[in-house]
Amino acid sequence: MIQDLFSVTVLIGILASGIRLATPYLYAAIGETFSQRSGVLNLGVEGQMLLGAFAAFYVSLRTGNLWLGLLTAMLVGAVMGLAMAYVTVNLQAQQGISGIGFYLFGLGMSDLLFQKLMPTVETIRGFPRIYIPGLSDIPGIGEIFFSQNILVYSAYLLVPVAWFVLNKTTLGLKIRAVGENPDAADSLGVSVARVRYFTIILGGTLSGIAGASLSIALLNVFQQNMTSGAGFIAVALVYFGAWRPIGVLGGALLFSMVNALQLWVQVLNIPIEPEIAVMMPYVLTILVLVATVSRVRAPSALTKPFEREN
Amino acid sequence: MSALKNKLQSEWISRFIDSLLPVFATLAALLIGAVMLLFLRVNPIEAYAALWDGAFGSPNAFAETLVKATPLLLVALGICISFRGDVINIGGEGQMIVGAVFATWVGLTFTNLPGWLVIVLALLAGFAGGAVWGGIPGLLKAYFRVNEILSTVMMNAIAVQLMNFLLRGPMIDPSQAQLASKIPQTAPLLDIFRLPRLVPTRLHLGALIAVILAVLVYILLWRTTLGYRIRAVGQNPNAARYAGIKVQRYVVLALLLSGAFSGLAGATQVYGVNYRMITDGSASGFTGSAGFNGIVAALFGQLHPVWSIPASILFGALLVGANKMQRVVQVPSALVIALNGLVVVFVVSSEIWRRRRQRQRLAVGGMEEEPPPPHEKAGQAEAGT
């Protein structure tokens, strides 16, 4: 049975599902990277994902249009982000705690709407796989990289885009300046508030997509608390990835690959207690945090509200 | 003289307004809840009446409220300690679970000891279990700079799997092990191990223990060196370091103690309410999300152990009342979770007015102030420089 794990088919299966499973983490963690680089810890990601997942599922189910569902999820995430921005930027509320508030709100609200609006459990036909012509026929590689759905592809596309925006554009410079030294940025005429509004709303929008990717692209169903901690993992991945999109990608892939391995271990009946297997990605995340965190530095202004001197 | 008197009076009024902020926050959340109810085509007055009735309508209802408030208060006490030390512990769920596992093990193992002794040992074991589960993130934060928010979240996920594994395997009820259904639960505790009930309702001794501990935590935080140092580290770690306090040690202690109280909460759930451990696979299936709602209660009580008592009763009432509301007007009790979230957001948002008035008081040469809780200091430091 152990040797089954190393057969080519299984290996391809693990890699392909690992690539797929990383999708929601990528969206949410890249969004969180933007807000943390501007100095705002958004702990409400999980709540934004849950509401996004529900909105996408419900609208897609009722209208039959997945894109409309996705758009609604983005909108819901953006509105949650707007609220979070007002609370953290204007009211200078403690970010870790208000984030927990937004999490609880999203958790309760998505459950409430689910129970009220959907009397029976339903499934949906999510975004179909797109076989990239030519490439998807390559044995192994094609199955792993070129036979995924649109939301998976765009999640990976997001990584270089985020890298480019953060490191090569004026906007990225402003974001980083606001996160490292808001006073200096302010004296150079950068609006700290506007930049933070932008990053938090962007983060919310991406969290909305992250939720949607679960409910209308990967699992194609909505359940209460279906994210079960994915939003918090996404926040952890930002630390893990040292606030860089490429690092976040590495963390998301590692976490998802271990998760995929764990699923296959159960499928193949390998004698490891399933609970121990499920635990592994979390244990691994802690261990990697221990190994890496002390070598990197967080944005200096992270979690600190900004107030202009008079 | 009259100027001083006026000042004292306005000082008193403004402090009074400060202490009412959480109440306004709750009212605002309930107001938004009413709007949501209208959207769901439910009469809000009817819904809230059912909620009130479910929480306070009869002696039994009120006892249920107190039963629900007990774990919230215990978790909240731990939160008071850790947040005062500027350590954000959101691992209450996992710490409750591990505390309950430790306590349950005691009850299932020492079946020939006297009842009172097993209860004492079990509560201590719960305390220890939570301390272990809180202490690990504490060590990781103090010595490896791992953010405690993240590690406590991971520890929650690990604890759930640990519980599921133990209840399905080593700790499963022997009679279940033989059945095909194999319900993941432990054997029931002996009757003599149950926490005594206080009045002929489900209200158990755990509630009284929690209230006594609230007073002890107050003494710990404001009347002992240990508490002073935890708060000093929370206020300003650099200043504390210059004053010769071993900062890392108190970071670990803050998280460890915080976890211990959550662990105790888990133990009292087993010994006072369920009399066994059973899992539906999720954390909230055992904790009822008390690990999160306890944070809400502590914040509402302005991170003061004694004020956390009424705060816990309030949120216990909301949770119990929500069940009644679900039965009477068919509004899912999840509404209350959403409202709890709004209360948290409103309470932390309203702090800004308190800070502003405090600053005004200081600016006009006001009275000596009790230092604010640590999570406010960031805003003040920005303003002060």
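Two residues are in contact if their C-beta atoms, placed from the backbone, lie within 7 Å. This is a predicted model, where local features need pLDDT of at least 70, side-chain atom pairs count only at pLDDT 80 or more, and totals for chains, interfaces and linings use all residues. Residues are numbered from 1 along each chain as its sequence is written, while chains are lettered from A and ligands numbered from 1 in the order in which they are written.

**View 1. Helix α6 of chain A and what covers it.** Helices here are DSSP runs (H or I, at least four residues), numbered from the N terminus. α6(A) runs over residues 150-168, and its 19 residues reach 26 Å from first C-alpha to last. That is close to the 27 Å expected at 1.5 Å a residue (the expected span is 1.5 Å times one less than the number of residues). Look for Leu151(A), Val152(A), Ala155(A), Val159(A), Ala162(A) and Leu166(A), which are buried (20 or more other C-beta atoms within 10 Å of their own, C-beta atoms being placed from the backbone). The cover over these buried residues includes α1 (8-37), α7 (170-180), α9 (192-218) and α11 of chain A.

**View 2. α1(A) packed against α9(A).** The two axes lie 7 Å apart, at an angle of about 170° (axes are lines fitted to C-alpha atoms, for helices over the stretch in contact, and angles run from 0 to 180 degrees between N-to-C directions). That makes α1(A) roughly antiparallel to α9(A) (angles over 145 degrees). On the α1(A) side, the residues include Arg20(A), Tyr27(A) and Phe34(A); those they meet in α9(A) include Leu206(A), Ala210(A) and Leu214(A). Sorted by type, the contact has twelve nonpolar, seven polar and two charged residues (Ala, Val, Leu, Ile, Met, Phe, Trp, Tyr, Cys and Pro count as nonpolar, Asp, Glu, Lys and Arg as charged, and the others, Gly among them, as polar).

**View 3. α10(A) crossing α11(A).** Here α10 (residues 230-240) and α11 (residues 245-267) of chain A have axes that come within 8 Å and cross at roughly 130°. Ile233(A), Leu237(A), Val238(A) and Phe240(A) make the contact from α10(A), and Val248(A), Gly251(A), Ala252(A) and Phe255(A) from α11(A). Seven of these residues are nonpolar, one is polar and none is charged.

**View 4. Chain B where it touches chain A.** In this interface, 41 residues of chain B are in contact with 44 of chain A. α15(B) gives the most to chain B's side, with 14 residues. That side divides into 29 nonpolar, nine polar and three charged residues.

How values were computed:
Helices (H or I, at least four residues) and strands (E, at least two) are DSSP runs, numbered from the N terminus. A residue is buried if 20 or more other C-beta atoms lie within 10 Å of its own, exposed if 12 or fewer, and partly exposed in between; C-beta atoms are placed from the backbone. Angles under 35 degrees count as roughly parallel, over 145 as roughly antiparallel, 65 to 115 as roughly perpendicular and the rest as oblique.
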